[in-house]
Amino acid sequence: MKHTQLKPFPKDFLWGASTSAYQVEGAWNEDGKGPSVIDMREKYPEGTTDYKVASDHYHRYQEDIALMAEMGIKAYRFSVAWTRIIPNGTGEVNPKGIEFYNHLINELIKYKIEPIVTMYHFDLPYALQERGGWSNRKTIDAFVDYAKVLFENYGDRVKYWLTINEQNMMIMHGKAIGILDPNLGERELYQQNHHMFVAQAKVMDLCHQMLPEALIGPAPNISYVYPATSNPEDVLAAQNFNAIRNWLYLDVAVYGYYNATAWSFLEEKGYAPTIKDGDREILKKANPDFIAFNYYATKTVEAPAGEGDEKGGSGDQEIVIGEAGVYKGTSNPNLPTTDFGWQIDPVGFRITLREVYERYRLPIIITENGLGAIDKIEEDGTIRDVYRISYLKQHIEQMQLAITDGVDIFGYCPWSAIDLVSTHSGIKKRYGFIFVDREEFDLKELRRIPKQSFYWYNKVIRSNGEDLSELTEYVLPESKRIM
Ligand code: BGP
């Protein structure tokens, strides 16, 4: 649909930026923090760093938040490390962990930045993993107890809560993220998935009981799936993958029931989880207030060729994916790709927003969207990430078109506020508005430098999304340069 006039962004639109605890904080074993599954990970892709120091945000959060305030963001979406709060996953609460996030939240409030808190972003406590992780129903109770501690301690200042980051990616690509036992079978994975659904529902319900003013929602990764052609068999394959990758997660979170196509897939493959008495009632009772989702690019699939359509072994965006008899992933020849091989599809962003809104009719916040690239410090000390500006500009334009289409969007938090260690590719794959001067295995001084995109995003925010034009000049103060 071509619009003759665009609707503006809402007046109090939450222009924000995102991070996650394990990718940005560092201080992996300090001040009583317990180990998470990420900390205990044994193997990393060759040539990539671990998360022990990351961007050292734990020690530098004040400097980082001052920079975020200078950039002008209205919201900061970060995650709490479960193992800082409850080092063993259950039981004893760690006062130092509580204190850290108290300081962080207070610092945000000082600058009038709205905290948006993800409760769990891939970093399950290792102590729980040793007791079966999400296969063990006791992990559901552990998550509820942890949520209660968060609501009690931060509920007076945090209005927006996200339950679980990218549950769908943990289930579909947990091995690539490095958080899953590589020997875990598919059936068991979907049992874990079910337990996460129950945990999420209980926590949404608890939030509404304890904090009537707060708002809570799920945070999956949603990417609309295209059929490779108009061949009805390709269209069916796209429906299949949309159901398995996207709607399964949102249907359970919003409606409290399993998507029919996804459930038939689970039964057909022998992956259907055991659903205990009472679970369906728990799922039904929970009602999210909004949908948060992460968007990077659409996916494209074709009709399955037959045997041999196995799942690939790597991350969601990088691989040819498939499931025998269900769908077969393919690349979309209409789309360009990033240096890291991820497709770029701003129009797909509008399509995905429209689709999610029409299906669920809940307000939407985007909690991740961004470009991973290799940034370089110029001789004059600047970082001219014009490619990132171009990526974000195109996505913001499409978001405004979606708003004009009638989609209720109340915030946009690109990934990432500051450089951090990528899930799959170390520190060399950067997403931030703020550069962190370190290399894979050389921490240097971890100095912070605003990139060109920092000043561009500031201009976007000041104009409430009206001015997306290029920056005419990017003048980095002497004090912020590394030469
Ligand atoms: C999402 C995760 C983030 C982040 C992002 C980019 O799936 O929620 O944690 O890492 O993807 O992925 P990558 O770092 O692999 O480029």
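Glutamine 23 belongs to helix 1 (helices are DSSP runs of H or I with at least four residues, strands are runs of E with at least two, and both are numbered from the N terminus). With a relative accessibility of 1%, glutamine 23 counts as buried, a class that ends under 20% relative accessible area, with exposed meaning over 50% and partly exposed the range in between, for a 1.4 Å probe and protein chains only. The model is predicted, so that local features need pLDDT of at least 70 and side-chain atom pairs count only at pLDDT 80 or more, whereas totals for chains, interfaces and linings use all residues. Residues are numbered from 1 along each chain as its sequence is written, and side-chain values use heavy atoms, with hydrogens and water left out.

Not counting residues up to four places away in sequence, glutamine 23 touches Tyr51, Ala54, Ser55, His121, Trp415, Leu420, Val421, Ser422 and Thr423, where contact means heavy atoms within 4.5 Å. Its side chain is joined to that of threonine 423 by a polar contact of 3.3 Å (a pair of N or O atoms within 3.5 Å, of which, within protein, one must be able to donate a hydrogen and the other to accept it, while residues adjacent in sequence count only if both atoms are side-chain atoms).

Threonine 423 itself lies in the loop between strand 12 (409-412) and strand 13 (434-437), and at 16% relative accessibility threonine 423 counts as buried. Leaving aside neighbours within four places in sequence, threonine 423 is in contact with Tyr22, Gln23, Arg41, Tyr51, Phe122 and Ile177.

Threonine 49, in the loop between helix 1 and helix 2 (57-71), is buried with a relative accessible area of 6%. The side chain of threonine 49 makes a polar contact of 3.1 Å with the side chain of arginine 438, and, beyond four places in sequence, the contacts of threonine 49 include Tyr44, Val421, Gly426 and Phe441. The C-alpha atoms of threonine 49 and serine 422 are separated by 9.5 Å, although these residues are 373 residues apart along the chain.

Helix 7 (residues 167-177) is mostly covered, with 10 of its 11 residues buried; among them are Met169, His173 and Ile177. The cover over these buried residues includes helix 1, strand 3 (114-120), strand 4 (160-165), helix 8, helix 9 (232-255) and strand 10 (327-330). Glycine 178, which follows helix 7, has a positive phi near 90°.

Two helix pairs are set out below, with axes taken as lines fitted to C-alpha atoms over the stretch in contact and angles running from 0 to 180 degrees between N-to-C directions.

| Helix pair | Angle | Axis distance |
|---|---|---|
| Helix 6 (138-154) and helix 8 (186-210) | about 30° | 9 Å |
| Helix 8 and helix 9 | roughly 35° | within 10 Å |

Helix 6 is therefore roughly parallel to helix 8 (angles under 35 degrees count as roughly parallel, over 145 as roughly antiparallel, 65 to 115 as roughly perpendicular and the rest as oblique). The residues making the contact of helix 6 with helix 8 include Phe143, Ala147 and Phe151 of helix 6 and Val198, Lys202 and Leu206 of helix 8, and by class they divide into 11 nonpolar, 1 polar and 4 charged (Ala, Val, Leu, Ile, Met, Phe, Trp, Tyr, Cys and Pro count as nonpolar, Asp, Glu, Lys and Arg as charged, and the others, Gly among them, as polar).

The contact of helix 8 with helix 9 is made by Tyr190, Asn193, Phe197, Gln200 and Met204 of helix 8 and Ile244, Leu248, Tyr249, Val252 and Ala253 of helix 9, comprising 8 nonpolar, 2 polar and no charged residues.
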